[in-house]
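Here's a quick briefing to read with the model open beside you. Take it topic by topic, and keep the viewer handy.

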Amino acid sequence: MKQSDPIFRLDGVTRRYGNLTALDSIDFTAEDNSYISLLGPSGSGKTSLLRVIAGFEAPDSGRIWFQGRDITDLPAHERGIGFVFQNFALFPHLTIFENVAFGLRNGAINPPEAEIIQRVKETIEMVGLTGLEDRNPDQISGGQKQRVALARSLVMQPKLVLLDEPLGALDANLRERMQTELRTIRERLDVTFLHVTGSETEALAMGDKVAVLDSGRIVQFGTPEEIYDAPIISDVALFLNRFNLFDGTLKDGVFHGAFGSVPVSGARANETDVYAIRYDRTQIFDTGSTDLPGPALPARYLASEYLGSSIVFLFETEDNKTVEVDHHLSLGEPRDLEVGRDYVLSWSPEQAIVFGKELAR
Amino acid sequence: MESKVLKPVLAVYAGLFILFLYGPFIVLGILSFQQGPEGGPQFPIIEWSTYWYKHLFGLTPPSRIAPLPVGEALVRSLTLAFMTMVTSTVLGVMAAQAFRKRFRGAGLVFYLIVLGMMVPGVLTGLGTSLLANNVVGIERHWWSTAFVAHVVYTFPFAFLVMLAILNRFDGSVEEASWSLGVSPITTFRKVTFPLIFPGVLSAMLFAFTLSFDEFPRTLFASGRDQTLPLAIYGTFSVEIHPNIFAFGVMTTLFSFALLSVYGILMALSVRRAKKIAMQEDIS
């Protein structure tokens, strides 16, 4: 199959828990053989969406299509969709080998023993667990458990694997290594990964495509670059954790905010008027500077945070709003700042993204 | 300062606790070695002997004291306890499994089940016998009416044990199994059951022991043939001889054997339980 063929499709899928609408009429089409990140804050309904696709829960309305078939009413065990749990959910009473062999042994297709051994061995080797076959799940590390959970799904050769915050239980080091490995493993197989995460870095780093979920709706779906450079609404910008967002009013093509009034060339439709500028596009100037590239925002310097490749400076504006400035160290040494002193923050207006009720276009 | 007061108080408490827990059994054990057939169920021990144990198995020369009529009753009680154990445990597991999903009227059903252990036993027994004799019109037997009464009584215990176990059970292993293409029935057999097995053992132990020495319900519900507790009580009404104590020691030893089997099976599955606990810690 080509990458452009749809592997699964959601058609107005809605799921309610009492008065709470976890999924609000979601339409979504996923391409075959791709890595899709599903990014959303906690409570955005991302886990519900995964559970509905897997068949652990039924939607209140809407249809789910998988490989051209309506699977809405199919029980979970007849769907052939893999699932990797955040807590791994390994079978504690079985060895690693038997964990991986479980689906082959107990499922509907019952391959001969020789084939089971062959497939299990291959999969265990692919995820790099050779030598641990006879261990029990309590005798291996978190990262290894993650691999077992993955191998257990992949051995069934599913066309779609759902991963529910699979890296959430791992420490930072391991998380980065598993990110790369998950991508490599997926590329070797003809399978689509739908990876749910609450971490924007993870979502942007891993997905060929990223879907942003907010309050039970998919608000944006696109490549990581599209999402990063052009968040479609202010909630997405907020959630990406890369933008300073200022409330204000947009009127007749001019945005009035804490930094004064700035004429804007265009605005994206939004429920409120918000002015967004990326952390790494915000610059620091001394009070009284005259060569500002754009608007002037007076702010007091609070603290800095060293991140290895960059430094984040934290400022506080007059109305107690925290503003972050990200200085990448490849651009040269950062300037010395005095804690508690007032500075002026500025940026080139064309790099700002403006969201507004009024479309100044 | 605090411990100076607390420690002696706790020591006295522990002493009393042990006295009342083991005292009766120790007295019973000592008296079972009373001399026979003249020796009675009281101190002092005239002479230590194993007469009453021999008497129990009919190895003594005939005397004015009749052998205990417990042989058949013992077999009946064991059979009844086994039947009750199997039935109540199966029902308990199934009912508790049903309660994992909230369903309409769950609260009401819960209280209806638990009622079985709340109602006074004598009344249940009497009610069962009246129901059988006067309403349904069937004869009372230990294997029919008494069996039903026992199940009604022990089922709530098995149910509550399993409810507690399943409450702590992390359902994601079952979902993992389904997502691997394994049907819910096979999943229960291959995943759920092995993991809840320690709980099932406890439920079985509860049901068996409760049924084995059940008295008030059986009194009216069992009909002509007596179970062991009834048979023993029947001998009290004539005259108490130390042979009953010897029998008590024997049954207690039997109970210990049963507990050992339970302990061994439990130890085997405790390793599994530990693994579950470790997995839960991560989540």
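How far apart do the end C-alpha atoms of residues 8–240 of chain A lie, and how much of the span is helix and how much strand? The ends sit 26 Å apart, and the span is 36% helix and 27% strand. Keep in mind that this is a predicted model.

**Chain A at a glance**
- Chain A runs to 361 residues, and 40% of them count as buried.
- You'll find 8 helices and 22 strands in chain A.
- Along the principal axes, the C-alpha atoms of chain A fill a box of roughly 80 × 45 × 40 Å.
- Take the contacts in chain A with a separation of 6 or more: 68% of them come from residues 24 or more positions apart.
- An unreviewed UniProt entry puts the feature "domain: ABC transporter" on residues 8–240 of chain A.

**Two domains in chain A**
- Chain A splits into domain 1 (6–234) and domain 2 (235–356).
- The C-alpha centres of these two domains of chain A are 37 Å apart.
- Where they meet, 12 residues of domain 1 of chain A are in contact with 15 residues of domain 2 of chain A.
- On the domain 1 side of that contact, S9, S10 and helix H7 (224–229) of chain A each supply at least two residues.
- Sorted by class, the domain 1 side that touches domain 2 of chain A has 8 nonpolar, 2 polar and 2 charged residues.

**The six-stranded sheet**
- Six strands of chain A make an open sheet in the order S6-S7-S8-S3-S9-S10, and the pairing is mixed.
- S6 and strand S10 (217–222) of chain A are the edge strands; each has a single partner strand, so one side of each has no neighbour in the sheet.
- From one strand to the next, the twist averages 20 degrees.
- Helix H4(A) packs on this sheet, where H4(A) touches S6 and strand S7 (160–164) of chain A. The direction of H4(A) makes about 175 degrees with that of S6(A).
- Strand S3 (residues 35–39) and strand S9 (residues 209–214) of chain A run parallel, joined by 4 bridges.
- Which residue in S9(A) is the bridge partner of Ile36(A)? That would be Lys209(A).

**The four-stranded sheet**
- A second open sheet to look at has 4 strands of chain A in the order S11-S16-S22-S15, again with mixed pairing.
- Here the edges are strand S11 (243–247) and S15 of chain A; each has a single partner strand, so one side of each lacks a neighbour in the sheet.
- S22(A) pairs with strand S15 (residues 268–269) of chain A in the parallel sense, over 2 bridges. Arg268(A) stands opposite Phe355(A) in S22(A).
- S22(A) also pairs with strand S16 (residues 274–278) of chain A, this time antiparallel and over 3 bridges.
- Which way do the residues of S22 (residues 353–356) of chain A point? Ile353(A) and Phe355(A) go one way, Val354(A) and Gly356(A) go the other, and all are buried.

**Where chain A meets chain B**
- The contact takes in 29 residues from chain A and 23 residues from chain B.
- On the chain A side, strand S6 (81–84), helix H2 (96–106) and helix H4 (142–154) of chain A each put in at least two residues.
- By class, the chain A side that touches chain B has 16 nonpolar, 11 polar and 2 charged residues.

**Chain B**
- UniProt, in an unreviewed entry, has the annotation "domain: ABC transmembrane type-1" covering residues 74–262 of chain B.
- That span of chain B is 79% helix and 0% strand, and its end C-alpha atoms lie 21 Å apart.
- In helix H5 (residues 121–136) of chain B, the buried residues include Thr124(B), Gly125(B), Thr128(B), Ser129(B) and Ala132(B).
- What do the buried residues of H5(B) pack against? Their partners are helix H6 (145–167) and helix H9 (216–221) of chain B.
- Just after H5(B) comes Gly137(B), with a positive phi of about 80 degrees.

Methods
Residues numbered from 1 in each chain as written. Chains lettered and ligands numbered in written order. Predicted model: local features only at pLDDT ≥ 70, side-chain atom pairs only at ≥ 80, totals over all residues. Contact = placed C-beta atoms within 7 Å. Nonpolar A, V, L, I, M, F, W, Y, C, P; charged D, E, K, R; others polar. UniProt positions renumbered as here; feature names shortened; annotations may be inferred. Pairing = 2+ DSSP bridges. Axes fitted to C-alpha atoms, helices over the stretch in contact; angles between N-to-C directions. Buried ≥ 20, exposed ≤ 12 C-beta atoms within 10 Å, placed from the backbone. Domains from an automatic or database assignment.
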